[in-house]
Amino acid sequence: MLQGVIFDMDGVLVDTEPIWDSIWPECCRQMGLPLPPDSFYTGGRGMSGEVYANYVHSFFPQVDARELVDTLMQMGKERFAQGVPLKPGVRELLDYLRTQKLPCAIASSSSHSIIEGNLRCTGLTDYFDVIVSGQDVTLTKPDPTIFLLAAERLGVDIRHCLILEDSLNGVCAGHAAGAVTVMVPDMIPPNDEIAQLYTCCCTNLLEVKAMLEQGKL
């Protein structure tokens with residue numbers, strides 16, 4: 001029986017991944033850098049902190065990767081302050097989980113300020129009992145630490161948690177944590193390798209809600 005639900009944020013709750021992808025070229029132009037290849041965006045989804053800085057450095061060794069990431073984050077905060085769209089089914093699923101008295105957490109690689117800002121502008125703050133940011137852990141997705149910490153703070157067994165993720169790194173982290181892991185693809189479709197790691201794949205959060213109601217999760 002499920003004891004709690006842990007959500008990723010970008011690409012699961014809010015439709016911000018296309019926004020991040022649009023900010024990167026602007027950031028590169030501002031710093032006089034060439035645009036990264038398409039593979040750059042795919043490989044880095046779900047990373048944060050030093051892991052992400054090291055990843056960025058592998059593509060942009062000519063600059064201080066931390067400065068580049070900080071510039072990107074500031075541009076993201078300014079853009080998100082204008083409002084962010086919700087993914088389909090968010091409110092319906094959260095309302096259902098509330099009726100079931102299932103505690104909810106966010107475990108996102110984004111900073112606390114970005115997470116809290118997105119929750120405020122979308123009116124979702126009160127739905128979540130716990131927020132864990134990439135700033136709270138040393139190792140980030142695909143490492144499972146962020147999910148293990150979220151479950152610990154919820155006071156539930158990670159093996160009885162449902163994790164909702166859109167990224168390949170996030171699915172790997174959920175699987176490694178030992179949770180029930182559902183992929184809700186956003187910009188990256190699942191491949192055969194990742195399909196071996198998730199419990200199931202849903203088109204959107206409305207489908208997740210339907211599966212919960214039917215006792216399939």
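## Helices on the sheet

Helix α5 (residues 90-99) lies across β1, β2 (104-108) and β4. Its direction makes about 155° with that of β1. Axes are lines fitted to C-alpha atoms, for helices over the stretch in contact, and angles run from 0 to 180 degrees between N-to-C directions. Helix α10 (residues 205-213) also packs on the sheet, where it touches β4, β5 (180-183) and β6. α10 runs at about 160° to β4. Contact here means heavy atoms within 4.5 Å. Helices (H or I, at least four residues) and strands (E, at least two) are DSSP runs, numbered from the N terminus.

This is a predicted model: local features need pLDDT of at least 70, side-chain atom pairs count only at pLDDT 80 or more, and totals for chains, interfaces and linings use all residues. Residues are numbered from 1 along each chain as its sequence is written, and side-chain values use heavy atoms, with hydrogens and water left out.

## The sheet and strand β1

The sheet is open and has six strands, in the order β3-β2-β1-β4-β5-β6, with parallel pairing. Two strands pair if DSSP finds at least two bridges between them. β3 (130-133) and β6 (200-201) are the edge strands, each pairing on one side only.

Strand β1 (residues 4-7) pairs with β4 (residues 161-165) over four bridges, in the parallel sense. Gly4 has Cys161 as its bridge partner in β4, and Phe7 stands opposite Leu164. β1 also pairs with β2, again parallel, over three bridges. There, Val5 is bridged to Cys104. Gly4 and Ile6 point one way from β1, while Val5 and Phe7 point the other way. All four are buried, meaning under 20% relative accessible area; exposed is over 50%, and partly exposed lies in between (1.4 Å probe, protein chains only).

## Nonpolar cores

A nonpolar core is a set of buried Ala, Val, Leu, Ile, Met, Phe, Trp, Tyr and Cys residues joined through side-chain atoms within 4.5 Å. The largest has 52 residues. Phe7, Trp24, Phe128, Leu164 and Val208 have the most contacts inside it. Leaving aside neighbours within four places in sequence, Val208 touches residues including Leu93, Leu162, Leu164 and Val182. Another core, of 19 residues, lies apart from the largest one; Leu154, Ile158, Ala173 and Ala179 are among its members.

## Asp166 and helix α8

Asp166 sits in the loop between β4 and α8. Asp166 is buried, at 3% relative accessibility. Beyond neighbours within four places in sequence, its contacts include Asp8, Asp10, Glu17 and Asp186.

Ser167 caps the N-terminal end of α8, with a side-chain oxygen 2.9 Å from the backbone nitrogen of Gly170. The buried residues of α8 (residues 168-177) are Asn169, Gly170, Val171, Ala173, Gly174 and Ala177. They pack against α2 (38-44), α7 (145-154), β4, β5 and α9 (192-195). Gly178 follows the helix, and its phi is positive, near 90°.

## Cysteines

How many disulfides does the structure hold? It holds zero. A disulfide here is a pair of cysteine sulfur atoms within 2.5 Å. Cys201 is in no disulfide either; its nearest cysteine sulfur, that of Cys202, is 6.8 Å away. Cys121 is partly exposed, at 39% relative accessibility. Cys201 is partly exposed too, with a relative accessible area of 30%.

Methods: A polar contact is a pair of N or O atoms within 3.5 Å; within protein, one must be able to donate a hydrogen and the other to accept it, and residues adjacent in sequence count only if both atoms are side-chain atoms.
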